[in-house]
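Let's take a walk through this structure together.

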Amino acid sequence: MRKDTPIPSAVVDKYVEQMGLENVGRASIREIKRLVDFVEAETGERYVRMEMGIPGLKPTQIGIEAEKEALDRGVAAIYPDIDGTASLKKEISRFVKLFVNIDVQPHGCIPTVGSMQGSFATFMTVTRMNKDKDTILFLDPGFPVHKQQCRVMGRKFDSFDVYNYRGDLLREKLESHLAKGDVAALLYSNPNNPSWICFTEKELKIIGELATKYDVVVIEDLAYFAMDFRQDMSRPGEPPYQPTVANYTDQYVLLISSSKAFSYAGQRIGMMVISDALFARRSKDLLPYYGMEQFGRAMVFGTMYALSSGTAHSPQYALEAMLKAVNDGEYDFVEVVKEYGEKAKIMKKLFTDNGFRIVYDKDEDKPLADGFYFTISYPGFTGEELIAALVYYGISAISLAITGSERLEGLRACVSLVSRDQFPDLEYRLKKFHKNHKAD
Ligand SMILES: Cc1ncc(COP(=O)(O)O)c(C=O)c1O
């Protein structure tokens, strides 16, 4: 029999049955969202919603005003250039110089319809560059939609969970995958969604060296740019910079989302930064698909042209204005998003004080940073069981099982939508959960 829970179990059970959910723990993110919507509406109880990774902050007016002005000037009527406006491309190039400390010519700095289009376009183009290399390798855990992109375009992929292969151990494991010879590119996010691990310099060096050795393009997904708050990366042109594999290989594509760093998710604009060497690279294997040999041209006039013929015009002006303010040292975007890290610190403690464990907890020997996500488990529960149980306690999250993680006991918790005034509720609910389950 279910114990006394903060959310009346009869209400939860009613909607679970109505929705035909045989196993709540296995429900999709959207089904959990719907279930929680129903229960919240009937009970009036607000859930601590940690299932979806959407930005919880307002975008700066700098972007909004620039976008409005661009619309007033009439850009909506004009096709943008496929590879972005010249002024935005320059500003992106400046941004990566000032915050990553790398030199990339503006022609390789391309705005995309969200970072998701950047990954789609990159997977598509890199797997045509060498006819013997048709596979994308994911350093998991990762963002499930990237694999979905490979599936819908019929590309092969391979993956492994880096949990047991941190530091020097990464070399042998990664090499065992790359030595097969079929990997065209590898992708990881750093900081990582869902685990918030950040690769160390040693690990980035291993990745870069092996990528060079096996001729593999590294796709570095910087969706959470500069959000390893253990270091202050907020000052343009001054170290520390965003760590990057670009220091260890010249065959890279950086994907920089503006969804989280600038809370600009709704306008679907991201940045694809192709290294000068990769942009200029030529391959005859591109010819049948693109009619041209150069990677950069194939990307722009082949893939991007075919996908969307560029990125919406007005958000390009928003992004340019925000980048310019950041590059000129007039707007500190890192200060704004630090709120995520501060909330994570408090929330992690509430969980660990009540019997939960942090699943991914270290970068080699260093405690993990506090940021957008963290991972939790509770002794004796699988991830699925834990999600199903927490629903009765007014808490929602997603299972790590869908992220390629081997830690099947774990859940990903996202801090962005939880407001500070919910912390007392969270504490009360976790205490109750712990009281009800610790003796089981
Ligand atoms: C790791 C990672 N990559 C990419 C994205 C998508 O970014 P965008 O909104 O720019 O398409 C996300 C969004 O959650 C993400 O977490």
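The C-alpha centres of domain 1 and domain 2 lie 29 Å apart, with domain bounds coming from an automatic or database domain assignment. That assignment gives the protein chain domain 1 (9-57 + 336-437) and domain 2 (61-327). Please keep in mind that this is a predicted model, where local features need pLDDT of at least 70, side-chain atom pairs count only at pLDDT 80 or more, and totals for chains, interfaces and linings use all residues. Residues are numbered from 1 along each chain as its sequence is written.

Where the domains meet, 27 residues of domain 1 are in contact with 28 residues of domain 2; contact here means C-beta atoms, placed from the backbone, within 7 Å of each other. On the domain 1 side, helix H13 (333-352) and strand S12 (373-377) each supply at least two residues. H13 gives the most to that side, with four residues. Helices (H or I, at least four residues) and strands (E, at least two) are DSSP runs, numbered from the N terminus. By class, the side of domain 1 that touches domain 2 has 13 nonpolar, seven polar and seven charged residues. In this scheme Ala, Val, Leu, Ile, Met, Phe, Trp, Tyr, Cys and Pro count as nonpolar, Asp, Glu, Lys and Arg as charged, and the others, Gly among them, as polar.

Next comes the sheet. Seven strands form an open sheet of mixed pairing, in the order S2-S8-S7-S6-S5-S3-S4; two strands pair if DSSP finds at least two bridges between them. Strand S2 (109-113) and strand S4 (156-161) are the edge strands, each pairing on one side only. From one strand to the next, the twist averages 20 degrees. Strand S3 (residues 135-140) runs parallel to S4, joined to it by six bridges, and Leu 137 has Asp 158 as its bridge partner in S4.

Two helices lie across S3, S4 and strand S5 (183-189).

| Helix | Residues | Angle |
|---|---|---|
| H6 | 144-152 | about 165 degrees to S3 |
| H7 | 169-178 | about 165 degrees to S4 |

Key:
Axes are lines fitted to C-alpha atoms, for helices over the stretch in contact, and angles run from 0 to 180 degrees between N-to-C directions.
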